[in-house]
Amino acid sequence: MANQKSSCPRIVNVGNGWFPTNPGGLNRYIYELSNELVNQETEVELCVVGIPDSVVASKYDLIKLAEPETPFLKRLWVTRRNFQARPSQPLHGINLHFALYSLPLLSSLPTDIPITFTFHGPWAIESSIENSNALDVWVKRWVELQVYRRCDRFIVLSRAFQKILHEKYGIPIEKIHLIPGGVDTQRFKSDLTRQEARTQLNWPQDRQILFTPRRLVNRMGIDRLLEAMAQIKSIVPDLWLAIAGKGRLREDLELHSAALGLANDVKFLGFLPDEQLPIAYQAADLSVIPSRALEGFGLILLESLASGTPVMCTPVGGMPEVLENFSPDLITDSTSTDAIASRLESLLKGDINMPTREACRDYAATHFNWPKITQQVRQVVLAP
């Protein structure tokens, strides 16, 4: 339980899943933001789904809204009930992060405190891209609109998502605050040599290694990365790709990889424990984020850079905003297979110089450290 200090402002953060057991960019963001808010003398209530019963102590107050396996409508009802049952304490700021679990809480939120919504992505549009049925997409958009109408201000992590929030959801520009994501530079750091990291993971020592941590769904572009590897295999024959992540396309992607002749050149790692993620970045020569659509910011880019490893991305969403002032050559010309293959070849052959380990680390630590980012978020959420 957090220490109760009357001089400290108190913020409620409402998210999705409990990060240490439920990976993902949104979950990591709210977890790390909550930790840093406490470091900046702020009392925090973190309200998420699926907190294990074994988690009993924290520097902030944890409110388990529901279990993720609970049937949908009952889950929303339980979410509302558990939120209302939390200890009643004066609040100074409300920061919502996920529309679904915000919806049942709206009637329980105080009316005299401005509500901030941090927009991590267009939930309904993402579902449409992944070929969800029309009713599912309609319901998600309805949920989003109900929540956004109740909110007074918004935070986005990139200009790309500021544009989507304004144009697709009708939120006035003056209500939208642009604050990039942050990275935990104590966790993601360059404290191992590449060889040491590879030894810990049992990865090859004698190959050039690409690393991509991605959900295995259509918009992540893993199929095009595989096709790009096949294109340059004769030019960079020692190339090896490690793919960390789960998703419904894993079997299809494994079959695709084999059909491309990459059976010995690609490793599907499945779920990678969070403690191994910083090691994996350090083991790679280059991280690759080949997204096709709706990459709102790209926290993975910051994690890789903070670990000292350059990262190549497609020109999608907010990702170019991370790299454009650092090393624009790390951004491909398009999302096509040919563009990914061409830039990979140039980087791996040395035709384009990749930033040094020190430069990557310094850039992430200087521009995207959590203390700096949290100060900006705190100002917005606590503004009258």
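1. Val 56 is exposed, with a relative accessible area of 72%. Here buried means under 20% relative accessible area, exposed over 50%, and partly exposed in between (1.4 Å probe, protein chains only). Val 56 sits in the loop between strand E2 (43-49) and strand E3 (61-64). Helices (H or I, at least four residues) and strands (E, at least two) are DSSP runs, numbered from the N terminus.

2. A word on the basis. This is a predicted model, in which local features need pLDDT of at least 70 and side-chain atom pairs count only at pLDDT 80 or more, while totals for chains, interfaces and linings use all residues. Residues are numbered from 1 along each chain as its sequence is written, and side-chain values use heavy atoms, with hydrogens and water left out.

3. Helix H11 (residues 299-306) is mostly covered, with 8 of its 8 residues buried. Among them are Leu 299, Glu 303 and Ala 306. Just after H11, Gly 308 adopts a positive phi of about 90°.

4. Which residue does Glu 303 meet in a salt bridge? The partner is Arg 28, at 2.9 Å, N to O. Glu 303 lies in H11 and Arg 28 in helix H1 (residues 25-39), so the pair ties together parts that are 275 residues apart in sequence. Both Glu 303 and Arg 28 are buried. A salt bridge is a side-chain nitrogen of Lys or Arg within 4 Å of a carboxyl oxygen of Asp or Glu. The count by this rule is 25.

5. Another salt bridge joins Arg 159 and Glu 321, with the closest N and O atoms 3.9 Å apart. Arg 159 belongs to helix H6 (residues 159-169) and Glu 321 to helix H12 (residues 319-323), so this pair ties together parts 162 residues apart in sequence. Arg 159 is partly exposed at 43%. Glu 321 counts as buried at 17%.

6. Helix H5 (residues 134-150) holds Val 139. In H5, Lys 140 and Asp 136 are 4 residues apart, about one helical turn. Their side chains form a salt bridge (3.3 Å, N to O). Lys 140 counts as buried at 15%, whereas Asp 136 is partly exposed at 26%.

7. Salt bridges also link Arg 10, Glu 43, Glu 45, Asp 61 and Arg 86 in a network.

8. Asn 13 is in strand E1 (residues 10-17). Its relative accessibility is 0%, so Asn 13 counts as buried.

9. How many disulfides does the structure hold? The number is 0, a disulfide being a pair of cysteine sulfur atoms within 2.5 Å. For Cys 151, the closest cysteine sulfur is in Cys 47, 15 Å away and too far for a bond. For Cys 360, the closest is in Cys 313, at 13 Å, again too far. Cys 151 is buried at 4%, and Cys 360 is buried at 0%.
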